[in-house]
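Here are a few exercises to work through with the model open beside you. Keep in mind that it is a predicted model.

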Amino acid sequence: MPARHRLLAVVVAVAWGLNFLAIDASLEHFPPFLLAAVRFAIIAVPTLLLVPRPRVPARWLFGYGLGFGTLQFLFLYWAMHAGIQPGVASLVLQSSAPFTVLLGAALFGDTVTPRRLAGLTVAVLGLAVVGWERSHTAAIGPFLLVLAGGFGWAIGNICNARAQAPNPFHLTLWMSVVPPVPMLALSLLVEGPHRIGAAFSTTDHLLGALTGLAYTVLIGTLLGSGIWSWLMARHAAGLVAPFSMLVPVIGLSASAVLLNERITALEIVGAVLVVGGVLHGSTARALPLPLPRRHGSRGPIATTGPATPTRPTAAAVAGQPEPNGSATPAGLPDPRDCGATASTPRATGISALTATRGPAV
């Protein structure tokens with residue numbers, strides 16, 4: 001991957017890491033369910049008017065919007081409103097990676113490679129360490145809510161991958177059409193018309209809340225997801241996806257510096273385990289390049305036969321190239337493991353759509 005593309009990936013990770021601080025600022029004024037409804041409505045209205053609907057089955061589009069957009073942010077915003085610190089929230093939301101693998105294996109029979117299983121086991125251990133520490137230093141409820149948000153994100157990942165949208169960014173925009181109505185209904189039911197009216201009629205913390213909301217919509221969602229989709233269209237997912245592991249690092253660091261968030265030594269240990277485990281599971285060694293044939297060699301290179309489509313496997317869930325054994329000519333490198341370009345065929349399953357997003361909050 002060229003240096004400028006790596007720089008763009010780092011920019012996206014920074015934008016997503018700071019997104020948790022923007023959400024925290026918005027929650028100073030808006031109740032959580034109303035905030036989620038407003039956030040997605042801002043994107044949904046121009047999408048309905050200007051963006052053509054992606055050619056994907058409706059069930060996968062709805063599932064993506066329900067899981068990624070509705071359930072993830074319902075529980076995440078609720079947890080942050082209940083008091084979980086933004087940095088810890090950015091870390092615990094990485095639980096979406098093991099949840100995605102488990103759902104893929106349970107619902108679609110996806111294969112879990114040993115490397116993937118080892119990495120996710122370490123990541124789950126890290127989450128357990130953070131949860132154990134949270135139970136002693138703060139309420140455990142918000143921690144569990146973020147875990148539920150990670151499970152919702154995993155549902156969105158599965159549906160996103162199965163949709164196989166020709167334009168992933170258009171799918172991301174249309175995903176935003178699903179959450180506003182259920183989130184607004186939930187806000188009316190739980191938060192009530194009085195709190196909703198007060199959010200639009202009072203000015204306490206309003207400037208900071210609107211600034212955070214603008215950042216979440218413009219920088220976190222549109223710019224961040226746009227650049228990420230652009231990178232994923234030009235490189236193998238295994239080269240791009242590991243950069244999402246910078247998100248909790250940025251989130252924890254920024255919260256500690258800007259919000260004086262207190263992070264215990266045990267939480268730092270858990271963070272290292274989570275980041276290291278998911279990073280280990282989401283990278284794969286590139287296949288060696290074939291030796292050039294000597295001049296005058298006879299006969300074509302043997303092939304395994306014509307390539308046939310295969311469904312996405314769990315190895316691709318968090319940005320993995322497919323394991324060896326896919327229909328690739330023998331002796332040739334798999335382009336997905338060697339930095340495929342936009343003109344090179346490569347997988348369009350979970351690897352191309354799920355781990356691409358990172359915490360797209």
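**Exercise 1.** Work out how H3 and H9 are oriented: roughly parallel to each other, or roughly antiparallel?

*Solution.* Start with the axes: those of H3 and helix H9 (residues 180–201) come within 10 Å and cross at roughly 30°. Angles under 35 degrees count as roughly parallel, so H3 and H9 are roughly parallel to each other.

Next, look at who makes the contact. H3 brings Thr 70, Leu 74 and His 81, while H9 brings Pro 182, Met 183, Leu 186 and Arg 195. Sort them by class and you get four nonpolar, two polar and one charged residues.

**Exercise 2.** Find which residues have the most contacts inside the largest nonpolar core.

*Solution.* This core has 62 residues, and Leu 76 and Met 80 have the most contacts inside it. Helix H3 (residues 58–82) gives the core its largest share, 10 residues.

Now zoom in on Met 80. Leaving out residues up to four places away in sequence, Met 80 touches Phe 20, Ile 23, Asp 24, Leu 27, Pro 86 and Ala 89. There's also a second, separate core of seven residues, with Val 101, Ala 123, Met 245 and Val 275 among them.

**Exercise 3.** Step back to the whole chain: how many helices and strands does the chain have?

*Solution.* Count 14 helices and zero strands. Then check burial: 51% of the 361 residues count as buried. As for the surface, the chain exposes about 16000 Å², with carbon and sulfur atoms supplying 70% of that. Finally, take the contacts with a separation of 6 or more: residues 24 or more positions apart account for 88% of them.

Note on methods:
Residues numbered from 1 in each chain as written. Predicted model: local features only at pLDDT ≥ 70, side-chain atom pairs only at ≥ 80, totals over all residues. Heavy atoms only, no water. Core = buried A, V, L, I, M, F, W, Y, C linked by side-chain atoms within 4.5 Å. Buried < 20%, exposed > 50% of the residue type's maximum accessible area, 1.4 Å probe, protein only. Helix = DSSP H or I, 4+ residues; strand = E, 2+ residues; numbered from the N terminus. Contact = heavy atoms within 4.5 Å. Areas by Shrake-Rupley, 256 points an atom, 1.4 Å probe, with all protein chains shown as cover. Axes fitted to C-alpha atoms, helices over the stretch in contact; angles between N-to-C directions. Parallel < 35°, antiparallel > 145°, perpendicular 65-115°, else oblique. Nonpolar A, V, L, I, M, F, W, Y, C, P; charged D, E, K, R; others polar.
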